[in-house]
Amino acid sequence: MDVDAFIAHWAHAPIGERSHYQTFIIQLCRLIGVPAPDDERTGDLDYCFERPVRFRHDDGRATQGWIDCAKRGCFVLEAKQSSKRRNGGPLDPAVQLSLFLKPSARPCAPSPEAVDRLMRAAKRQAENYAKALDEWPPFLIIVDVGRCIEVWSDFDRQGKAYIPFPDRATYRIELEHLRAPEVRDRLRRIWLDPLSLDPAAAVAEATTDIARRLAWLVRSIGQRRSTAGEDRVQRAARANQTALFVMQCIFAMFADSVGLIEERGFLRFLEAYRGKADRFHEGARVFFGLMDQGGHCLAIQQRLRRFNGGLFRSAVPLPITEEELEALIAAARCDWALVEPAIFGALLEQALDPQERAELGAHYTPRAYVERLIEPTIMEPLRADWEAVEAQALGLYLEGDVQGARRMIRTFHDQLCRVRVLDPACGTGNFLYVAMHMMKALEGEVLGVLAEMGEKQGRLGLDGHVVSPEQFHGLEKNAYAAWIAEMVMWIGHLQWHFRLFGDAAPSEPILKDFRRVVHVDALVSCSRIAGAPGETGGDRLVEHYVDPRPTPWPEAHFIIGNPPFMGGKDLRAAFGDGYMAALDQVRGGRFRSADLVTVWWDRAAEILTRPGSILRRFGFITTNSVTQTFSRRVIAHHLNRRPAVRLVFAIPDHPWVVGVGRADVRIAMSVAERGEADGQGRWLGVTDEADLDTDLPRLTFQERRGVIGADLMIDDGLGRAVDLRANAGLAYRGVQLMGTGFLVTPEKGRALLGGSEVGAPSPIRAYRNGRDLADRSRNLEVIDLFGWDEADVRRRHPLIYQHLLETVKPERERNNRTAYRDSWWLFGEPRRELRAALTGLDRYIVTIETAKHRWFRFLDKDVLPDNKLVAIASDDPAVLAVLSSRVHRAWFAANGGRIGEYQREAVYVKGVCFDRFPFPELDPAQAVELAALGEELDQTRARVLAENPDLTMTALIMRGPAQPIPVPSRRPNRTDMTAAASASSIIFIGGWMSGWPRPTAGRPMRMRRRSCRD
């Protein structure tokens, strides 16, 4: 059947024939050139009619349903004419419409026109069916046999936002539209390769092409203008001037591409300077000045609209070369209507030098990641509001109260246009732009319902009442990023304008200077900063923030963002003593060791619970270290206080994009609202990752519901575990030197001791850190003067004293802590408690605090452990066996910290991994057996490493039990090697795993130290 015959047949098909929707779909498949259901394999549930699904309800019940047509990974199709919607079926329009009517309303049969409006109800049903499947399809198809086909898409496949595809103007395919080859091709691709229709692919391609050209331009201009001996202030000023010029060119290209500058005037202007590039900046000064004020441009013989908005207020173009001009011309020829506005923020990052970007902690967040956070933070509550209003309005409409229905929809639209969103670390506006884009999509749905009810969309013009940049507030520390964020918002808004209103130009000035993005530090404000940049005390910048106070945040209904990634230990070096003292004063000394991102989390939570606050939800992307001890306390503080805060959405460990210049981190997402935990928190865990080095990373998730705890995990009781008195005083971090001069080679140590007093105790000890254990030991020694005063060291060990005076004291004098400066000859953290715990032991157990693989071993009592080792004061091999067991490995996996480098649990946080671990009570036979296993494990590893000089502990663990170890001819018994490589697999604790006893706090543990055993 050709297209003409298909349209002729179905356009005039009688009502009885229209009920045969399966015939319609089979013939449609023939028309677009794809197999119909059952063509290739009969009974294939992955592609069939009447696909069975089971709906699982909150009360535990399950009911059966049937999808009219479904193809796995492609679509769910619902037909308005299916039997479910006829003769009193569960989706009969009369039955469905009765749900929207008031109980007192006079029962009446729905009019044919009212029934026709129920395409929307079919779409809702399709969403319900999609939810019942094991994966969300990218498309929903709603068929009105003989009339039209509606297409809705959700390429994120989270089931939260099926929107008209490809846009609201063309998502409904009338029968006549099937004559167009591009329409039939679109349907064919939905059947065969749906993800190829993801517009993000085309957008990414266009964006990448333009970004490549303009990034080269920025680098070229920057390299030409750089001069030797520039300081940081000069570099920043030069980079910002380059950014301003390029951004003015970018917006002119956008305006040129979408017709705001008519007849491609800016492209013609650029081309006119070929061969005269050295004078382009003179002409551009006039051109950009006219874009600011509006007026006739002699260079292109036409009037320029008044753009204003602040971008063109300062027109200081830079001289460029012929090659740079050609780069501008090539970029101007691109279709800027396709470009992702957030590219402009990325370009700013290209213009700023790498050191400046690192200090600001600025990272570009991929669009898919931003949507993943904004959906639960903003769109989920707004969509719930809309669905409730829509249902009530539809009830009024079907009762005949058309004006009341429209009024209700308009009221919701008015409220939507008053919703305020804040990003208190907005950078160049990526989050605000995506939030506006998603709210504009919802607005399009609202306006679509109004149009269906007979109200013309034009009554809500661009200057009238629409979702606009005025609603989106930002705080940003970088001045140019702040105004670029405003521009990004307006470019995105104008893109939406042209999609909805065609070629109709908005009124002038094109850009409204709302000043919604404020150049300010989001955390600390003050009256003034005493001490000019460059004034120093010693080697440290002296700054004093006078009258520090929290920066006021604009009132908002939703707060979103991606605050700077920076660990608590790095803050003082990055921001300076003065700023950190001011921040500490503003926060009342709370959570000093937490990561920087938690300051935003803490502030948002305080606003959320403030009496009279309009804030509904807040959501942040943070590093996944937010789940570690110090940062987790911030979240726990707010979850456990009153008024209560609950987490409604969390992803505890999510990849970041990887590649050159990208941040080497893993991230977390968390969304909170007011209220007690209700068990409905939505938790996502990443099960598969692909294409992380592209702009379109692909992730697969598993989803669970429950109470989400401060560690961003479903609360399984681990969060309620407490420190066990039986484990107290056993685990400590090793010593922290705070001075590299303490480390010496054995040769250097002997030389220094050569000048010591005869009979003076040697302070030099063997020393091991994490690398020494994971790789091959460096055999370094350490000068440990714990218990010595300065005078004794100078008198009894003069050469050692002089060595430390020259290598340690200068470094300590620059330290902020008085104790470190005054006791410079001692370790910064000598770990008195650890030394006391190790007294009387011949050996003790250690593990590397941060490592990709988790294992334990013995160290001799004479070896001093580094700060990055966790030392456990026990010489009992049974304890080593338990710690090496699968049970303890599972405990560690549930409680350990995660870092991005290893993409898994990696940090052995001794406070939860050891202090709260419930060791089993063993009878004598079990203790002997475990001790034998632990001893064998440690000795076998040591022997294999000793006999294989090229083998490391990391390599041994990575090989696993099944892989043979290449060894020289003098090799140990292969059974020994297998045993050693089986590390954590050897010890299972056998039958004790299932009956692992629950210890009582304080119950004596017989596996502490050999000297304490009976």
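Me: Which residues does Phe288 contact, leaving aside its neighbours within four places in sequence?
Reply: Happy to start there! This is a predicted model, where local features need pLDDT of at least 70, side-chain atom pairs count only at pLDDT 80 or more, and totals for chains, interfaces and linings use all residues. Residues are numbered from 1 along each chain as its sequence is written, and side-chain values use heavy atoms, with hydrogens and water left out. Taking contact as heavy atoms within 4.5 Å, the partners of Phe288 are Phe245, Gln248, Cys249, Ala252, Phe266, Phe312, Ala315 and Pro317.

Me: How many residues are in the largest nonpolar core?
Reply: Such a core is a set of buried (under 20% relative accessible area, 1.4 Å probe, protein chains only) Ala, Val, Leu, Ile, Met, Phe, Trp, Tyr and Cys residues joined through side-chain atoms within 4.5 Å. Phe251 and Phe288 have the most contacts inside the largest one, and its size is 115 residues.

Me: Which helix gives the largest share of this core?
Reply: Helices here are DSSP runs of H or I with at least four residues, and strands are runs of E with at least two, numbered from the N terminus. The largest share is 14 residues, and it comes from helix H15 (residues 367–398).

Me: Why is strand S22 largely enclosed by the rest of the structure?
Reply: Strands pair if DSSP finds at least two bridges between them. S22 pairs in the antiparallel sense with S20 over 7 bridges and with S21 over 8 bridges. S22 (residues 666–674) is largely enclosed because its buried residues number 8 of the 9.

Notes:
Buried means under 20% relative accessible area, exposed over 50%, partly exposed in between (1.4 Å probe, protein chains only).
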